[in-house]
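Hello,

Please open it and keep it beside you as you read.

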There are 6 protein chains.
Amino acid sequence: MIRNDGRKIDELRPVKITVDYIKHAEGSCLIEFGDTKVICTASVEEKIPPFLKGTGQGWITAEYSMLPRATATRTIRESAKGRLTGRTQEIQRLIGRSVRSTVDLTALGEITVWIDCDVIQADGGTRTASITGAFVALYRALEKIDKLDAVKNFVAAVSVGIVGGEYLLDLNYEEDSIAEVDMNIVMNDVGEFVELQGTAEGKPFSRKDLEKLLSLGEKGITKLILKQKEILGVK
Amino acid sequence: MIRNDGRKIDELRPVKITVDYIKHAEGSCLIEFGDTKVICTASVEEKIPPFLKGTGQGWITAEYSMLPRATATRTIRESAKGRLTGRTQEIQRLIGRSVRSTVDLTALGEITVWIDCDVIQADGGTRTASITGAFVALYRALEKIDKLDAVKNFVAAVSVGIVGGEYLLDLNYEEDSIAEVDMNIVMNDVGEFVELQGTAEGKPFSRKDLEKLLSLGEKGITKLILKQKEILGVK
Amino acid sequence: MIRNDGRKIDELRPVKITVDYIKHAEGSCLIEFGDTKVICTASVEEKIPPFLKGTGQGWITAEYSMLPRATATRTIRESAKGRLTGRTQEIQRLIGRSVRSTVDLTALGEITVWIDCDVIQADGGTRTASITGAFVALYRALEKIDKLDAVKNFVAAVSVGIVGGEYLLDLNYEEDSIAEVDMNIVMNDVGEFVELQGTAEGKPFSRKDLEKLLSLGEKGITKLILKQKEILGVK
Amino acid sequence: MIRNDGRKIDELRPVKITVDYIKHAEGSCLIEFGDTKVICTASVEEKIPPFLKGTGQGWITAEYSMLPRATATRTIRESAKGRLTGRTQEIQRLIGRSVRSTVDLTALGEITVWIDCDVIQADGGTRTASITGAFVALYRALEKIDKLDAVKNFVAAVSVGIVGGEYLLDLNYEEDSIAEVDMNIVMNDVGEFVELQGTAEGKPFSRKDLEKLLSLGEKGITKLILKQKEILGVK
Amino acid sequence: MIRNDGRKIDELRPVKITVDYIKHAEGSCLIEFGDTKVICTASVEEKIPPFLKGTGQGWITAEYSMLPRATATRTIRESAKGRLTGRTQEIQRLIGRSVRSTVDLTALGEITVWIDCDVIQADGGTRTASITGAFVALYRALEKIDKLDAVKNFVAAVSVGIVGGEYLLDLNYEEDSIAEVDMNIVMNDVGEFVELQGTAEGKPFSRKDLEKLLSLGEKGITKLILKQKEILGVK
Amino acid sequence: MIRNDGRKIDELRPVKITVDYIKHAEGSCLIEFGDTKVICTASVEEKIPPFLKGTGQGWITAEYSMLPRATATRTIRESAKGRLTGRTQEIQRLIGRSVRSTVDLTALGEITVWIDCDVIQADGGTRTASITGAFVALYRALEKIDKLDAVKNFVAAVSVGIVGGEYLLDLNYEEDSIAEVDMNIVMNDVGEFVELQGTAEGKPFSRKDLEKLLSLGEKGITKLILKQKEILGVK
C-alpha cells in the first residue's frame with residue numbers, strides 16, 4: 001500500500017529540526033514533521049509555582065497554541081474568545097507531563113522552565129511534533145544554564161493509527177481525519193512508555209490491534225530520538 | 001498483599017447504581033464506586049449542534065463537575081473562577097467520546113443528549129465511575145424516548161495502576177496519589193478498547209507492565225458491565 | 001382548599017434532613033423539602049478574608065448552585081457560561097447573611113466557614129431549603145471544631161405567597177410559578193426576622209396581605225427549627 | 001433626636017429631579033436624594049427578548065452602575081474586573097421588577113425599554129433614588145412614544161432603618177453603615193407594596209419594629225410620588 | 001462656510017468647566033465641549049504599581065467610559081460584555097500618556113493618581129474633552145495634597161479634520177462621522193506636541209493638509225489652556 | 001553618529017520578505033525588519049460582518065499577537081489571561097485601518113479578508129513590520145481570488161524617533177526603549193499619509209522636530225514600497 005503522500009505504512013514524514021530558532025529564548029527550535037511546523041521555546045524563570053514553595057524543587061510547564069491560519073480554514077484565536085478550548089488544554093497538559101518525565105526536578109533547583117509550542121503550520125501530528133521539539137528546546141535551555149545533569153532521558157512522540165484497516169505510522173492530516181483508531185505514543189530512549197493515548201474514533205480496537213500499533217510506534221520513536229541526539233550533538 | 005481498604009489487588013470497590021435518581025431527567029443514576037459518588041443524568045433536547053445541521057444525525061455530549069466539597073479540602077468552583085480547568089475539560093471530552101462510541105448517531109435522529117456527571121463525593125476514579133454511570137443514564141433516556149435501537153454496545157470504564165510495584169485494579173484516592181503508573185481503560189461489552197489513557201506519573205512503564213494492566217482492567221470492566229445489565233434489566 | 005400536592009394551605013412539605021451526608025466536609029447534610037433536595041456542606045478554612053485581617057474575627061460565606069438537570073429542562077452550567085447569574089448571586093448573598101446572623105463572629109476566631117448549597121433536584125423553595133440546611137451544616141462543623149459557643153441562635157427559612165388569592169405556606173414550583181406575591185422569610189428561634197424579601201410578581205400587595213403572610217411564615221419556621229433541633233440533638 | 005445632617009427622624013433629604021437631563025435618551029432625569037445623585041435614562045428599542053417572541057408583549061429591563069469615584073474611596077470598575085458584583089446584579093434586578101410592576105406589558109407592544117441608572121455621587125439610598133428616578137425616565141419615554149396608556153401606577157422607593165434604636169426614614173451613608181436594620185420599600189401610588197426587602201445587619205428585628213418601619217416608609221413614599229407627579233405635570 | 005451648528009471653521013464649541021463637581025474626589029470637574037459632557041475625577045491613592053516599587057516615583061493612570069445612553073442609540077455596557085473594547089483601551093491609554101506628560105513623577109512621591117473620565121453625553125470630541133478635563137481634575141487634586149510643584153506644564157487637546165475639503169476645528173459628531181481626515185492633537189502650554197494622532201478615514205492626506213490642520217489645532221489648544229488657567233485661578 | 005547596530009541615522013534595517021510562507025493561507029509572508037520577524041497571513045472568508053449586510057461591500061480586518069517568547073523575557077499569553085491588552089487592540093486596529101485604506105471595499109464584493117500578524121521574534125518596530133507585511137499578504141490573497149482590481153494603492157509603515165537628540169529612522173528595541181519621541185508613519189505609494197501617530201515619551205516635541213521626522217519617514221517608506229513591489233513582481 002502506498003499512502004497519499006507516497007510514504008510506506010511504517011515511514012515517518014521528513015523530520016527537520018532547526019535549533020536556536022528564536023534568539024531571545026534560552027532554548028528553542030523549529031521542528032517540522034512534513035508540513036507540520038512548530039516553534040518550540042524553553043524559557044527559564046527564577047521562580048517556582050506556589051505549590052512547590054520550600055521543596056527546593058523546580059518545575060516545567062507547557063503551553064500550546066496554533067496561529068489562526070495554521071489550519072486549512074482560519075481558526076478563531078483563543079485570546080479573542082477569552083478562553084482556551086478543551087483540545088488546547090488537553091494538549092498542553094500532555095506536553096507538560098511528557099517533558100517533565102525526562103528531568104529530575106530536584107536537580108533543577110528553584111526554577112521554572114516554560115515550554116511554548118506554537119504551531120505555525122498544521123498537517124496532522126501537531127502534538128507529537130510539539131513534544132519532540134519541546135524536549136529539544138528544553139535540552140538546549142538546560143545546557144545553557146548548565147543543568148544538563150538534571151536530564152534523565154530523552155523523550156519523543158509519534159502518532160499511529162488504523163486507516164482503512166491498515167496500521168500506519170505518523171498520520172498526516174488527511175489520514176488522521178479518516179482514521180478508525182488514533183493513538184499517540186510518548187516514549188523515552190530506553191523504550192519505556194511515558195504516555196499512551198488511544199482513541200477509537202469510529203470503531204473500537206482489539207488487543208491485537210493495539211500490539212501492532214505499539215510496535216509501529218516504537219519504531220518511529222527510535223528514529224526521532226536518533227534525530228534529536230544528532231541535532232543536539234549527543235552520542 | 002492487602003490494600004489499604006482491605007481489597008485484593010484485582011478487586012473492585014463495592015459498586016452501587018441507583019437508577020432514576022433525579023426525577024426531571026429523561027435518564028439518571030447515582031453511581032457509587034466505594035466512596036466515590038457521582039450523579040449522572042441524560043437530558044434529551046430536540047436540537048442538534050450547528051456542525052450537524054442537515055445530516056439527519058444526532059449528537060451526545062458530556063459535562064463533568066465536582067461539588068466544591070467533594071474533595072478532602074474544598075475546591076474553588078469553576079463558575080466562580082469563570083473558566084473550566086484543563087482537567088475538567090479533559091474528563092468531559094473523554095466521557096463524551098466514550099458514550100458516543102456506543103450509539104449509532106444516525107439512528108438517534110436530530111436530537112442532542114446532554115450527559116451531566118456531577119461528583120458529589122470523590123475518592124479516586126471519578127472519571128471511570130462517571131463513564132460507567134453516564135452509560136446507564138443514557139440507556140435509560142433512550143429507553144424512555146424509545147430509541148434503544150440506536151444502542152450498539154455497552155461501555156464501562158475502570159482505572160488500573162502500578163503502586164509500589166504492584167498492579168492494582170480500581171485505585172482509590174490514596175492509591176492514586178502515590179501511583180507510579182495510572183491508566184484508564186474504557187471498554188465495550190465485546191472486550192474492545194474505546195479509549196486507553198496511560199500516564200507514567202513517576203516512572204515510565206514497559207510493554208510487559210502494559211500487558212498486566214490491560215488484563216487487570218479487562219477483568220474489572222467485565223464485572224461492571226454485568227452490573228449495568230443487571231440494573232437495567234438486560235440479559 | 002386543597003393544594004396540587006394534597007397539602008393544606010398552612011402545611012409544609014415533608015422535611016427530611018440527613019446529617020453528615022458528605023464524608024470530607026466538617027459539617028454537611030442533605031436537606032429535602034418535598035422534591036427539592038439540596039446538599040449543604042460547611043468547610044472550615046484556617047484563613048480570613050483580607051478585610052478582616054487583624055480584627056481577630058472570623059467569617060462565614062456562602063455559595064449556591066444547581067446541577068444542570070435539577071430543573072425541569074436542563075439549565076446551562078454557570079461554569080460553562082463563565083459567569084454567575086444575578087439570581088445565583090442574590091441567593092448566595094442571602095444565604096450568607098442569614099447564617100452569619102446566627103453566629104458571634106468574634107467568638108469564631110480567625111477562620112472562614114464556607115457554606116456550599118448545591119441543589120440536586122429543584123421543586124420550588126431552593127433558597128429556603130438551602131438556608132435551613134446551611135445552618136445544620138454550619139452547626140455540625142462548629143460542633144466538630146468545638147466552637148458551638150459562637151452560635152447565638154438557630155435560623156430557618158420558608159417561603160409564603162399568594163396564589164389565586166389564597167395565602168399559602170412553602171410553595172412548590174408549580175405554585176411559585178403562578179404566585180401573585182412571593183415572599184421569603186428568614187427567622188430565628190426567638191421569632192425575630194433576619195431577612196424579609198417580598199416581591200409582587202403580578203399584583204402589588206397590601207399591608208393586610210403582609211400580616212397574613214408573616215403569620216403563616218412564622219408558623220412554618222417554628223416547625224423547621226424544631227426539626228433542626230431534633231436532628232442535631234438539641235433541646 | 002436630631003440626625004447627623006439636621007433632619008428629623010421622619011424627614012426625607014431634599015429631593016430634586018431634573019427631567020430630560022440627557023438629550024439622546026427617549027426619557028431621562030438626574031435625581032438627587034441629598035448628596036446621592038443618579039442619572040436615569042430610558043431607551044426604547046424596537047425589539048423584544050427571545051423569551052417573549054410571539055407574545056405581542058413588551059419588556060422593561062434595568063441596569064445599574066456607579067462611577068468609580070461616586071464613593072468615598074475609588075471603586076474598581078466592573079468593566080475592568082470583567083464581571084458584575086453580586087450587589088450590582090441584585091440592585092438592577094430590583095429596579096427592573098419595580099418599574100415593570102407599573103406597566104401593562106401587553107399594552108406596550110413589541111418594544112424593550114432599557115432603564116439605565118448610573119450613580120454619579122453616592123451618599124446612601126442609591127437603589128431607592130434609582131427606582132424613583134427610573135420611573136420618571138420611563139414615564140417620559142412612554143410619553144414620547146405615545147404609550148402612556150400602558151402605565152398603570154406610579155412607583156417610588158425609600159429606605160428605612162433602625163439606627164441606635166431609633167426608626168429613621170431615608171438613611172444617608174453614615175446612618176446606613178451603622179444601622180441595625182436596613183429596609184428598602186418599593187410602593188405604588190395606592191399604597192401597595194411592590195417590593196419589601198428587610199435585612200437585619202446586626203440585630204434581628206421584631207414584628208413590632210417592622211410595623212414602625214413600614215409606617216415610616218409609607219410616609220416617605222407618599223411625598224416622593226407627589227414630587228414625581230409635580231415634575232411630570234400629572235395631577 | 002457656515003458649519004451645521006453655526007460655527008466658523010476655526011471656532012471651538014462653547015467650553016464650560018465646572019470644577020469640584022464630585023464631592024468625594026480629591027479633584028474633579030464636569031467639562032462640556034458643546035453637547036459633549038464628561039465627568040473627570042482624580043483620585044489619590046497612597047500606593048504605586050508593582051513596576052515602580054522602590055523607585056520613589058509616583059504614577060498617573062486613566063480610565064475612560066461612556067454611560068450607555070451617552071450616545072444616540074444605546075451602547076451595551078462594557079461591564080455587561082465583560083471586556084473593554086479596543087476603542088476604550090486606546091482612549092484611556094491616550095489620556096494617561098497625555099496627563100502624565102505634564103507632571104514630574106519623581107516629585108509626586110509614592111502615590112498613584114487615578115484619572116476617571118466618564119462621558120455622560122457624547123457629541124464628538126469625547127477624548128479631547130476628556131484630556132482637557134482630566135488635566136483640570138489632576139491639577140485640583142495635586143493642589144489639594146500640596147503637590148503643585150510636580151506640575152511642569154498645562155495640557156489640552158482638540159480635534160481637527162477635513163470635511164468636504166474644508167479644514168475644521170473641534171468636530172462635532174455629525175462632522176466627525178463624515179470626515180475624510182480626523183486628527184487629535186494634544187499640546188502643552190508652550191506649544192509643543194505631546195501626542196499627534198491622524199487618521200485618513202476615507203482619503204489619505206498630504207503634507208500640506210497636515211500643516212493646515214496643525215495650525216488650526218494650535219489655535220484651539222491656546223484657547224483651551226487659557227480657559228483652564230482662568231478656571232483654576234492660574235495666571 | 002553610528003547607531004548601536006552600525007546603521008546610519010537614516011538607514012533601514014535589512015528588510016526581507018518571504019512570500020507564500022504558510023501553505024494554507026490565500027496570501028502570506030514572513031517579513032523581517034532586522035531581528036523583528038512577523039508571519040502575516042490573509043484569509044478570505046465568503047461572509048461579511050453584520051454591519052455591512054446588504055451593502056454589497058467587503059471588509060478587511062486585522063489581528064495581531066506575539067508569541068510568548070518573541071520578547072526578551074517571556075510574556076504571558078493573552079489567551080491565558082482571557083483578554084487582549086490595550087496595546088494589542090491598539091495595534092490591530094491600526095493595522096486594520098492601514099490596509100483597509102488601500103482597497104476599494106465596494107470592488108471586493110461580499111467577502112471578509114482576515115489579516116493575521118503574528119510576531120515570532122521582536123526587536124522594535126513590530127507594528128510597522130506588520131503593516132508592511134500585511135499589505136503583501138493581502139495583495140497575494142487578492143491576486144489569488146482575482147480581485148487585484150480592488151487595490152488602489154500600496155501601503156507601508158516605518159517608525160521614526162528622537163533618541164539622544166538625534167532623528168532616527170526605523171528604531172530597534174534598544175533605541176525605542178530610550179527614545180524621547182516615537183512616531184509611526186503609515187504612507188501610501190503616492191506619498192500621502194494614511195496614519196500618523198506620534199508620542200512624546202519623555203519630552204514634548206516641536207513643529208520643527210515633526211518636520212524632520214516626517215522627511216525621514218518618507219524616505220524609509222519609499223524604500224519599503226519598492227521592496228514590496230519587487231517581491232510581488234509589480235512595476
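Below is what I found in it, taken topic by topic.

Please keep in mind that this is a predicted model.

Let me begin with the annotation. An unreviewed UniProt entry places the feature "domain: Exoribonuclease phosphorolytic" at residues 11-141 and 154-219 of chain A. Residues 11-141 of chain A are 30% helix and 31% strand, and the C-alpha atoms at the two ends lie 30 Å apart. For residues 154-219 of chain A, the end C-alpha atoms are 15 Å apart, with 29% helix and 44% strand in the span.

Next, have a look at where two helices of chains A and B meet. Helix α2 (residues 86-100) of chain A packs on helix α2 (residues 86-100) of chain B at an angle of about 110°, and their axes are 8 Å apart. An angle of 65 to 115 degrees counts as roughly perpendicular, so that is how α2(A) and α2(B) stand to each other. Their crossing is left-handed. Among the residues making the contact are A:Arg93 and A:Arg97 of α2(A), and B:Arg93 and B:Arg97 of α2(B). By type, the contact residues of α2(A) with α2(B) comprise 8 charged, 4 polar and no nonpolar.

Finally, is D:Arg97 buried or exposed? D:Arg97 belongs to helix α2 (residues 86-100) of chain D. Its relative accessibility is 18%, and buried means under 20%, so D:Arg97 counts as buried. Setting aside neighbours within four places in sequence, D:Arg97 touches C:Glu90 and C:Thr199, along with D:Val194, D:Glu195 and D:Gln197.

Enjoy exploring it!

Note on methods:
Residues numbered from 1 in each chain as written. Chains lettered and ligands numbered in written order. Predicted model: local features only at pLDDT ≥ 70, side-chain atom pairs only at ≥ 80, totals over all residues. Heavy atoms only, no water. UniProt positions renumbered as here; feature names shortened; annotations may be inferred. Helix = DSSP H or I, 4+ residues; strand = E, 2+ residues; numbered from the N terminus. Axes fitted to C-alpha atoms, helices over the stretch in contact; angles between N-to-C directions. Parallel < 35°, antiparallel > 145°, perpendicular 65-115°, else oblique. Left-handed = near helix turned anticlockwise from the far one by under 90°. Contact = heavy atoms within 4.5 Å. Nonpolar A, V, L, I, M, F, W, Y, C, P; charged D, E, K, R; others polar. Buried < 20%, exposed > 50% of the residue type's maximum accessible area, 1.4 Å probe, protein only.
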